[in-house]
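Subject: the model you asked about

Hi,

Here is the model, ready for you to open in your viewer. Have a look first, and then read on for what turned up.

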2 protein chains.
Amino acid sequence: MLTDEEKTGVSTFVPDSYLMDFRGRITVSTISMYLLQTASEHAANHGFGYSDMTKQHTTWVLSRLAVEVNDYPGISGPISVYTWVDEINRLFTSRCFEWKDQTGKTLGFARSIWAAIDLQTRKPTTLDQTTISHYLCNRSCPIDKPGKIVPAEQHDAGMPYQLKYSDLDINGHFNSIKYIEHMLDLFDLKLFSEKEIRRFEIEYKAEGMYGMELMLHKHQVTEDKYALSICHEGKVLSRAAVTWQ
Amino acid sequence: MLTDEEKTGVSTFVPDSYLMDFRGRITVSTISMYLLQTASEHAANHGFGYSDMTKQHTTWVLSRLAVEVNDYPGISGPISVYTWVDEINRLFTSRCFEWKDQTGKTLGFARSIWAAIDLQTRKPTTLDQTTISHYLCNRSCPIDKPGKIVPAEQHDAGMPYQLKYSDLDINGHFNSIKYIEHMLDLFDLKLFSEKEIRRFEIEYKAEGMYGMELMLHKHQVTEDKYALSICHEGKVLSRAAVTWQ
């Protein structure tokens with residue numbers, strides 16, 4: 001029987017100045033990239049990574065990601081990202097994250113929900129729970145689970161955007177990190193100067209392909225809360241909710 | 001007196017799957033990011049990095065970068081980037097690069113030209129040659145120096161693009177790497193499926209700022225050679241030349 005510490009994975013990143021935003025701080029999209037890389041490594045190390053899934057003609061797809069940031073570091077040494085699996089059921093598994101600076105100070109927490117899809121049909125398949133169940137962990141992740149997101153596309157006409165080469169991931173689909181980058185680009189620079197994103201939550205609903213004509217929507221829900229969405233011909237590819245502080 | 005080996009800097013990178021393109025290969029923009037990070041580290045380690053320049057109220061600006069790629073690795077272990085200074089004069093310094101896979105095989109070479117500008121006036125200033133001269137190195141860089149680039153904007157009407165939050169660097173200017181990303185996005189995906197970029201060469205002529213309405217131009221010079229440029233209100237911010245094979 002493994003301890004919670006043994007079940008937890010950790011990867012370390014040194015954010016370079018070329019990845020910092022105009023404030024000299026790490027961005028939500030870079031943090032999210034570190035989280036997904038840490039998840040990949042943890043799963044691969046324990047027999048349920050992408051290459052293990054491929055052998056069963058399936059792959060992981062990220063369904064939801066909720067990121068809460070306490071502090072955005074500047075250029076200040078390595079960041080350690082911890083990840084652990086906290087739930088699994090027939091179709092989904094939930095994975096949590098905590099990241100810390102080099103002094104051991106917690107910079108944020110995140111929750112993610114993953115499904116397995118068949119590589120040919122791209123439809124959800126049932127998860128093989130036996131391997132993953134060994135790694136279910138009780139470590140605390142003190143942030144809200146991903147919830148319902150206001151449909152921004154019902155309130156905003158949208159900005160057109162056509163999917164490009166640099167938007168594609170290794171499978172030729174819209175890269176999960178690039179969704180986040182394009183969504184955050186809908187905010188005015190002034191907001192980034194005056195406030196910080198405290199919580200960013202995204203739901204991935206459909207796959208984007210090269211050349212697709214997208215509409216990017218932003219809707220202000222309350223003073224500090226915004227809903228975002230990315231649609232293609234009226235179909236929602238992704239929705240997100242952002243809380244500023 | 002230092003040996004050429006002692007004068008050469010090396011940084012190591014592990015390209016993650018989230019940075020790979022749809023072919024599962026590293027991109028020209030990711031390679032370029034690694035080159036610039038390696039240059040920063042080498043300069044900082046020898047007393048002429050960004051923070052040393054700031055003390056003299058100056059900063060480095062990248063003027064030209066020419067990258068020649070023999071091989072684009074997939075996910076296959078760390079890449080080591082070597083860098084050395086090969087020339088310095090009153091206003092410019094030239095820095096070369098070679099990068100290798102973990103077996104020691106050379107994947108490509110690059111040349112870059114840097115100027116120092118005054119932090120307030122943003123005008124070129126003379127370089128302090130004494131420190132840098134100690135690191136002038138005779139290591140071979142068997143690729144052509146950056147040359148004259150065909151002005152694409154004189155042959156192509158252009159695609160509009162407005163500069164966004166994610167395009168900005170730590171100084172609030174258009175990020176050198178994002179110029180490359182936007183330029184390569186002008187090529188059709190089919191070209192990336194059929195050919196490889198053998199040489200990418202870029203000249204940075206003026207700084208881009210948030211919200212600027214840019215025009216992105218592409219002009220086919222010969223079957224495998226293209227000229228690209230980014231302009232703002234008729235002024236050229238950057239020009240590039242791409243050779244496919």
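Below are my notes, starting with the ground rules and then going from the interface to single residues.

This is a predicted model, so to speak: local features need pLDDT of at least 70, side-chain atom pairs count only at pLDDT 80 or more, and totals for chains, interfaces and linings use all residues. Residues are numbered from 1 along each chain as its sequence is written, chains are lettered from A and ligands numbered from 1 in the order in which they are written, and side-chain values use heavy atoms, with hydrogens and water left out.

**How the two chains meet**

Chain A puts 33 residues into the contact and chain B puts in 33 residues, where contact means heavy atoms within 4.5 Å. About 3,100 Å² is buried between chain A and chain B, and carbon and sulfur atoms give 60% of that. In chain A, the residues that lose the most area to chain B are A:Tyr18, A:Tyr165 and A:Ile170, together 30% of what that side buries. (Buried area is the accessible area, with a 1.4 Å probe, that two parts lose on being put together, summed over both.)

There are also 14 residue pairs in polar contact between chain A and chain B, both at pLDDT 80 or more. A polar contact is a pair of N or O atoms within 3.5 Å; within protein, one must be able to donate a hydrogen and the other to accept it, and residues adjacent in sequence count only if both atoms are side-chain atoms. Helix 2 (28-45), helix 5 (176-184) and helix 6 (189-194) of chain A each supply at least two residues of the side that touches chain B. The largest share of that side, 4 residues, comes from helix 2 of chain A. (Helices, H or I with at least four residues, and strands, E with at least two, are DSSP runs numbered from the N terminus.)

The rule finds 2 salt bridges across the interface of chain A and chain B, a salt bridge being a side-chain nitrogen of Lys or Arg within 4 Å of a carboxyl oxygen of Asp or Glu. A:Glu181 forms a salt bridge with B:Lys178, with the closest N and O atoms 2.5 Å apart.

**Helix 5 of chain A**

This helix is largely enclosed by the rest of the structure, because 9 of its 9 residues are buried. Buried means under 20% relative accessible area, exposed over 50%, and partly exposed in between (1.4 Å probe, protein chains only). A:Asn175 caps the N-terminal end of helix 5, with a side-chain oxygen 2.9 Å from the backbone nitrogen of A:Ile177. A:Leu184, also in helix 5, is buried at 3% relative accessibility. Not counting residues up to four places away in sequence, A:Leu184 touches A:Val28, A:Phe192, A:Ile197, A:Phe200 and A:Val242.

**Salt bridges within the chains**

Over all chains, the structure holds 40 salt bridges. A:Glu194 pairs with A:Lys190, the closest N and O atoms being 3.1 Å apart; these two are separated by about one helical turn, because they are 4 residues apart in helix 6 of chain A. A:Glu194 and A:Lys190 are both exposed. A:Lys195 and A:Glu223 also meet in a salt bridge (3.8 Å, N to O), and this pair links distant parts of the chain, 28 residues apart. A network of salt bridges links A:Arg64, A:Glu68, A:Arg199, A:Glu201, A:Glu203 and A:Lys205.

A:His57 is not a glycine, yet has a positive phi of about 60°; A:His57 lies in the loop between helix 3 (50-55) and strand 2 (58-69) of chain A. A:Arg122 likewise has a positive phi, near 60°, and is partly exposed, with a relative accessible area of 28%.

Cheers
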